[in-house]
Amino acid sequence: MLKPIDLALERDIRASLATVWACLTEPKLIAQWFFAVDFRPVAGHRFRIAGEAVAGWRGWTEVEVLEIAPPHRMVWSFDCVENAPAGRVVFSLTEHAGFVRLVLTHDGLVPEPTLRLLDAGWRQYTGNLATFAETL
């Protein structure tokens, strides 16, 4: 049975908007907080996230950049599990005095074990992103 993904995570990152955007869109920087991927910031670009399979994840995710509006918004199609439609991940950045607020949303339908993995994973990766961006 598929469960709705309804993730919305906010991180305040003490870095410039340009730095946070670079961390989201430059492959060498993405590899520092997420996965090493063949990413290009171009709508229609497809890439694969690969890792070790675990319960709830087949070991790879097919991703397509659906929308990119530098330096504030990027949308991905996120196909991470068999027998479920691709979800949608949105990265939104808003600049404030002294920090950038990242809002990551992920919606779609997945099995319960995958839902738990996505929640834990995105919490970890957005935390990694914030820590990494603040050191640049």
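This is a short tour of the structure above, stop by stop.

**Before you start.** You are looking at a predicted model, in which local features need pLDDT of at least 70, side-chain atom pairs count only at pLDDT 80 or more, and totals for chains, interfaces and linings use all residues. Residues are numbered from 1 along each chain as its sequence is written, and side-chain values use heavy atoms, with hydrogens and water left out.

**Stop 1: the sheet.** Switch to a cartoon view and find the 6 strands, which form an open sheet in the order β1-β6-β5-β4-β3-β2 with antiparallel pairing. Strands here are DSSP runs (E, at least two residues), as helices are (H or I, at least four), numbered from the N terminus; two strands pair if DSSP finds at least two bridges between them. Which strands sit at the edges? Select 2–13 for β1 and 46–50 for β2: each pairs on one side only. On average, neighbouring strands are turned by 20° against each other, direction ignored. Angles like this use axes fitted to C-alpha atoms, for helices over the stretch in contact, and run from 0 to 180 degrees between N-to-C directions.

Pick F47 and look across to β3, where its bridge partner is V63.

**Stop 2: two helices.** Select residues 17–25 to see helix α1, which lies across β1, β3, β4, β5 and β6 and runs at about 160° to β5. Contact here means heavy atoms within 4.5 Å. Next, select 112–135: helix α3 lies across β1, β4, β5 and β6, at about 15° to β1.

**Stop 3: aromatic rings.** The whole structure holds 13 aromatic pairs. Rings of Phe, Tyr and Trp (its six-membered ring) pair if their centres lie within 6.5 Å; planes under 30 degrees apart are stacked, over 60 edge-to-face, and the rest tilted. Show F39 and F47, an edge-to-face pair with 5.5 Å centre to centre and 80° between the planes. Both F39 and F47 are buried (under 20% relative accessible area; exposed is over 50%, partly exposed in between, with a 1.4 Å probe and protein chains only).

Then show W76 and F91, also edge-to-face, at 4.8 Å and 65°. W76 belongs to strand β4 and F91 to strand β5, 15 residues apart. Why do they count as buried? Because W76 has a relative accessible area of 2%, and F91 is at 2% as well.

Finally, colour one aromatic cluster, whose members include W33, F34, W57, F78, W122 and Y125.
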